Amino acid sequence: LAALSVSAAAWAFDLQGHRGARGLRPENTLPAFEHALSIGVDTLELDVGVTADDVVVISHDPFLNPLIARDASGQWLPGPRGPLLRELTLAQVQSFDVGRIQPGTAYAKTFETQQAVDGTRVPTLAHLFDAVKARHADAVRFNIETKTDPTQPGETVSPEAMTRRLLQVVNDAGMASRVSIQSFDWRTLQIVQQLAPAIPTVYLTVQSPGNDNTRDGTWTAGMRFADHGSAPKMVQAAGGKVWSPNQGALTEALVRQAQALGLKVIPWTVNDPAVIDRLIGWGVDGVISDYPDRVREVMARR
Ligand code: G3P
Ligand code: CA
């Protein structure tokens, strides 16, 4: 009986590989997603943007990031920001190699465990869906983050354009039942709830004392809470299914509070095994990690 309840709990827990498995392979690339699948994640966490020719691509930043992008001659882009995705065609975006972090940078030091895969390109979301289908990984889900930023409206296509285009790609691939859509830009989540109410929406928040942008009710300045105490109620009132706070600001009491409101709680981004273990002990519904292998190890030890 004990074994049965352990496996039932393991099945219910949602292990999400952050940007695929950023700690192990180049972020948001097919090698990272493939590696995450080989570890046995339940969900692939990823970020999207839209190119000038209206293609949904997988990228954390709205621009080519000089920390990870090299041009066709092998030169790193000059920092701190490369050209905007919305001003490049897919062919232009994919002319860059994003298979390695620029050596000598702090980012490379942080993720020195990441194994480079030279020659890797920014993937399209449609391509990722095809790759997962080809692997017959039929139970795997996708937690897709719309990377529009209310404070930087010129950097990306509009929240409406991004959300509509994303839903089109999801529907064309027949993946609507396997995705959730997450964002700090809650406007995109409201659009998802209107256009595709069956898709779970995931409300991202960050606790940032002295920097509260939640009080004007317009959600146009990003979701930074001075104190996370009011976040679960706001997420529930907005129609969210999942609350994803930054892990450092989470408490056991907040987990209880959110779950009592009917929300799932899935914190980001948790890489320390001791913290992963503590959060699982608090009963979170999942975690998002750059190191899904560590989460598996912690789960196996419990
Ligand atoms: O899923 C939430 C998490 O991914 C947010 O952080 O900056 O890595 O997209 P970021
Ligand atoms: Ca993300």
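How close do the axes of helix H6 (residues 159-172) and helix H7 (residues 186-195) come, and at what angle do they cross? They come within 9 Å and cross at roughly 45 degrees. This is a predicted model: local features need pLDDT of at least 70, side-chain atom pairs count only at pLDDT 80 or more, and totals for chains, interfaces and linings use all residues. Residues are numbered from 1 along each chain as its sequence is written, with chains lettered from A and ligands numbered from 1 in the order written.

**Stop 1: H6 and H7**

Select both helices. Helices are DSSP runs of H or I with at least four residues, strands are E runs with at least two, and both are numbered from the N terminus. Axes are lines fitted to C-alpha atoms, for helices over the stretch in contact, with angles from 0 to 180 degrees between N-to-C directions. Now show Pro159, Glu160, Met162, Thr163 and Leu167 of H6. They meet Arg187, Thr188, Ile191, Val192 and Leu195 of H7. Contact means C-beta atoms, placed from the backbone, within 7 Å.

**Stop 2: Gln236**

Go to Gln236, in helix H8. Gln236 and Gln190 are 46 residues apart in sequence and 12 Å apart in space, C-alpha to C-alpha. Gln236 counts as partly exposed because it has 17 C-beta neighbours inside 10 Å. With 20 or more other C-beta atoms within 10 Å a residue is buried, with 12 or fewer exposed, and in between partly exposed; C-beta atoms are placed from the backbone. Leaving aside neighbours within four places in sequence, Gln236 touches Leu261, Gly262 and Leu263.

**Stop 3: H9**

Select helix H9 (residues 252-260). Its buried residues are Leu254, Val255 and Ala258. They cover an arc of only 105 degrees around the axis, so they sit on the same side of H9. The arc is that of the directions from the helix axis to the C-beta atoms. Ala253 and Ala260, on the other side, are exposed. Cover for the buried residues includes helix H8 (231-238), strand S8 (242-245), strand S9 (264-265) and H10. Just after H9, check Gly262: its phi is positive, about 90 degrees.

**Stop 4: H10 and H11**

Finish with helix H10 (residues 273-282) and helix H11 (residues 292-301). Their axes come within 10 Å and cross at roughly 55 degrees. H10 is therefore oblique to H11. Pick Pro273, Ile276, Asp277 and Ile280 on H10. Their partners on H11 are Arg294, Val295, Glu297 and Val298.

Definitions and conventions
Angles under 35 degrees count as roughly parallel, over 145 as roughly antiparallel, 65 to 115 as roughly perpendicular and the rest as oblique. Two residues are in contact if their C-beta atoms, placed from the backbone, lie within 7 Å.
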